[in-house]
Amino acid sequence: MSASERAHEGLQYTELTNFMGAEIHGIDLNVPLSEGAFADLRRLLADHSLLLLRNQDMSPDSQISFSRRFGELEEHVLQNFCLDGHPEIFVVSNIIENGEHIGAYGGSKEYHSDLAYIEAPSLGSVFYCLECTEVGGETSFISMYAVHDALPEERRTWLTQQKAVFDYPWNHEIRNAHRPPLTAAQIANTPPVSHPCVRTHPETGRRAAFYSPIWIRNFEGMSEEESQPILDELCEFAMRPEFTYTHKWQPGDVLIWDNRSSMHKANPFDEKNGRRLMHRTTICGDRPYLDG
Ligand SMILES: [Fe+2]
């Protein structure tokens with residue numbers, strides 16, 4: 001075992017960086033993990049925010065049953081982009097068949113934590129790569145544990161006392177002018193929600209910063225004009241290379257990320273000529289909180 005390789009109980013893994021990510025070796029996700037091995041894997045995810053398993057040949061049923069061990073799964077509102085017969089699997093793809101997109105395309109090019117604008121944002125996702133391009137299409141991640149720990153003390157103390165108002169319809173209006181406006185029902189289903197800007201990870205007890213360049217309208221008790229420059233400063237800080245890992249995909253890669261301690265974004269690729277096909281399951285989470 002090399003110096004960078006570790007063993008956590010039965011699992012062999014290599015750290016991807018010194019601040020986030022671990023590649024797990026010797027697991028076939030088509031074979032159910034024992035209770036003990038799954039508990040180890042879950043703990044590794046909580047500690048490292050991101051797990052990579054390479055060379056998988058995972059069936060939709062295996063992906064669903066593996067993902068369910070973390071918790072209930074979200075069924076995406078865009079059911080037309082879910083896999084036939086498997087509403088838990090959301091297809092992310094630029095591929096067009098018979099004149100129609102087979103999956104959601106684009107992907108957010110700005111950092112975010114999935115579903116941060118709802119009361120109980122998702123715990124995390126399992127993202128499986130079936131096809132990707134040689135160039136572009138990477139996914140970048142930020143460790144919000146590392147960001148929290150590295151913030152200047154004064155700013156961290158301030159942030160620890162703040163709540164941010166996440167407002168999906170407001171964000172949609174200012175950032176998606178090219179898309180059709182939300183319907184009255186969609187707006188009614190996504191009222192503004194406040195979350196603490198520093199949250200306690202329920203499994204590790206560690207604190208992570210919790211904010212994002214999109215969806216935050218203002219800090220509670222402050223105007224948008226007062227809030228946005230501070231948010232810009234915080235986001236610029238988080239995007240420093242020392243907190244960022246960019247994953248270059250290979251077919252057969254499975255990434256599991258923990259939304260409670262990370263942000264991610266999609267990187268662009270040649271959507272006209274390249275083919276990308278990913279299967280995603282999204283695990284339901286709990287309401288963010290901060291221990292006193
Ligand atoms: Fe996302």
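The centres of domain 1 and domain 2, taken over C-alpha atoms, are 23 Å apart. The domain assignment places 5–142 + 245–282 in domain 1 and 144–238 in domain 2; such bounds come from an automatic or database domain assignment. The contact between the two takes 24 residues from domain 1 and 25 residues from domain 2, where contact means heavy atoms within 4.5 Å.

Some housekeeping. This is a predicted model, in which local features need pLDDT of at least 70 and side-chain atom pairs count only at pLDDT 80 or more, while totals for chains, interfaces and linings use all residues. Residues are numbered from 1 along each chain as its sequence is written, and side-chain values use heavy atoms, with hydrogens and water left out.

Back to the interface. Domain 1 and domain 2 bury about 2,000 Å² between them, and 63% of that lies on carbon and sulfur atoms. Buried area here is the accessible area, with a 1.4 Å probe, that two parts lose on being put together, summed over both. Between the domains the count is 2 salt bridges, a salt bridge being a side-chain nitrogen of Lys or Arg within 4 Å of a carboxyl oxygen of Asp or Glu. The count of residue pairs in polar contact between domain 1 and domain 2 is 10, with both residues at pLDDT 80 or more. A polar contact is a pair of N or O atoms within 3.5 Å; within protein, one must be able to donate a hydrogen and the other to accept it, and residues adjacent in sequence count only if both atoms are side-chain atoms.

Which elements supply at least two residues each of the side of domain 1 that touches domain 2? They are α1 (35–48) and β18 (262–266). The largest share of that side, 4 residues, comes from α1. Helices (H or I, at least four residues) and strands (E, at least two) are DSSP runs, numbered from the N terminus.

As for salt bridges, arginine 42 forms one with glutamate 203, and their closest N and O atoms are 3.1 Å apart.

Now the metal. The protein donors of the iron ion are His112 (NE2), Asp114 (OD) and His264 (NE2), at 2.1 to 2.2 Å from it. Donors are N, O and S atoms within 2.8 Å of the metal (3.2 Å for Na, K and Ca); water is not among the atoms, so sites may look incomplete. The donor spacing in sequence is H-x1-D-x149-H. Histidine 112 and aspartate 114 are both buried, that is, under 20% relative accessible area, with exposed meaning over 50% and partly exposed in between (1.4 Å probe, protein chains only).

Next, two residues with positive phi. Serine 49 has phi near 70° and sits in the loop between α1 and β4 (50–53). Asparagine 98 has phi near 50° and sits in the loop between β7 (96–97) and β8 (100–101). Is each one buried or exposed? Serine 49 counts as buried because its relative accessibility is 1%; asparagine 98 counts as exposed because its value is 82%.

In helix α5 (residues 168–175), Pro169, Trp170, Asn171 and His172 are buried, and their cover includes α6 (184–189), β15 (216–219) and α7 (224–238). At the start of α5, a side-chain oxygen of aspartate 167 comes within 3.1 Å of the backbone nitrogen of tryptophan 170. Serine 194, in strand β12 (residues 193–196), makes a side-chain polar contact with glutamate 220 at 2.7 Å.
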